[in-house]
Amino acid sequence: MVHTRKNQRGLTSAERRKFVSAVLELKRRGTYDEFVRTHIDYYVADGETRLRLAHATPSFLPWHRKFLLEFERELRRIDPTVTVPYWDWTRDNTPAASLWGEDFMGGNGRRGDLQVTTGPFAHAGGRWNIVYGMTEGGFLTRDFGRPSSPLTLPTEAQVDAVMRETVYDVAPWNSTSASGFRNGLEGWGPGRTNDRFRLHNRVHRWVGGLMLGGASVNDPVFWLHHSFVDLLWSRWQQRHPRATYLPTRQPPPGDAQRGRIAALDDRMGPWDVTPAQMLDHSGIYRYV
Ligand SMILES: [Cu+2]
């Protein structure tokens, strides 16, 4: 059976409650923190010579598609009616959005320590202790819009521009790739200002707190964000049916990226899966 991922803004209160309950149950069992750990382990920067599978790399999209599927499978073991909703941040782009409600993701961090004190993931509720967080205190943090250097969420026009890209990815296959759909959506721009962070990256920065960096999975909104990123990739695939995943082969000997990125048929750890195997999700789930 193909299951359906829905826009979070249209979920019923029962659907919101079921999603939150399944997430809290995964956390209680320790499974949730294994996902946090995996994401930290695969957080490899451009400058490192190690294999980069998850970020600043062509397999950013298939790696996260697999990561979401694994997470969703665990949720559905707990409650088979649950799927990962998506957050369309071009529309629900303020702190007043129902996404941040008391019954769903909870709200912004408080001033000072940025601690989230509302909703199911507030530390005082006793069910959301940060294990792998690189911060003291064990609580979830957020800093909407980063008041110290304000930024806004991406716009529909910015998404449209990326959707018009006709090539999946281009050399040098990292955060400096000047065109291509993958880096357009992942969102590494030039420069040192806020403009360096676009689309996917911009959303991580707008939420702030733990959503910055490798430990971002600690914020459950991570999944809703990446569900929308995956939706955009899916729509882009439909729009450009002949644009295949690139590169199809490893770069030639002597190329600085050889052995550091995943080509079409290379394995993407920690799973035994290739980008090619992640291209068609139509037999597993669909977006509405
Ligand atoms: Cu990631």
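**Notes on the helices and the nonpolar core**

1. Starting with the H1/H3 pair: helix H1 (residues 13-29) packs against H3 at an angle of about 100°, and the two axes lie 9 Å apart. Angles of 65 to 115 degrees count as roughly perpendicular, so that is how H1 and H3 sit relative to each other. On the H1 side the contact is made by Ala22, Glu25 and Leu26, and on the H3 side by Glu74, Leu75 and Ile78. Sorted by class, this contact of H1 with H3 has four nonpolar residues, two charged ones and no polar ones. Bear in mind throughout that this is a predicted model.

2. Staying with H3, which covers residues 60-78, have a look at Phe67 in that helix. Is Phe67 buried or exposed? Phe67 has 23 C-beta neighbours inside 10 Å, so it counts as buried; the cut-off is 20 or more. Gly47 is 20 residues away from Phe67 along the chain, and their C-alpha atoms are separated by 23 Å.

3. Now the core. The largest nonpolar core has 60 residues, and Phe71, Trp87, Leu140, Leu185 and Phe228 are those with the most contacts inside it. Which helices each supply at least two residues of this core? They are H1, helix H2 (31-41), H3, helix H5 (181-186), helix H6 (199-207) and H7. H7 gives the largest share, nine residues. As for Phe71, leaving aside neighbours within four places in sequence, it is in contact with Phe35, Val84 and Trp223.

4. H7 deserves a paragraph of its own. This helix takes in residues 221-239, 19 residues in total, and reaches 27 Å from its first C-alpha to its last. That is close to the 27 Å expected at 1.5 Å a residue. How many of the residues of H7 are buried? The count is 14 of the 19, so H7 is largely enclosed by the rest of the structure.

5. Last, H6. Nine of the nine residues of this helix are buried, which means that H6 is largely enclosed by the rest of the structure. The buried set in H6 includes charged residues, Arg202 and Arg205, along with His200, Asn201 and His204. Leu199, Val203, Trp206 and Val207 of H6 are buried too. What covers the buried residues of H6? The cover includes helix H4 (156-163), H5 and H7.

Conventions
Residues are numbered from 1 along each chain as its sequence is written. This is a predicted model: local features need pLDDT of at least 70, side-chain atom pairs count only at pLDDT 80 or more; totals for chains, interfaces and linings use all residues. Helices (H or I, at least four residues) and strands (E, at least two) are DSSP runs, numbered from the N terminus. The expected span of a helix is 1.5 Å times one less than its number of residues. A residue is buried if 20 or more other C-beta atoms lie within 10 Å of its own, exposed if 12 or fewer, and partly exposed in between; C-beta atoms are placed from the backbone. Axes are lines fitted to C-alpha atoms, for helices over the stretch in contact, and angles run from 0 to 180 degrees between N-to-C directions. Angles under 35 degrees count as roughly parallel, over 145 as roughly antiparallel, 65 to 115 as roughly perpendicular and the rest as oblique. Two residues are in contact if their C-beta atoms, placed from the backbone, lie within 7 Å. A nonpolar core is a set of buried Ala, Val, Leu, Ile, Met, Phe, Trp, Tyr and Cys residues joined through C-beta atoms within 7 Å.
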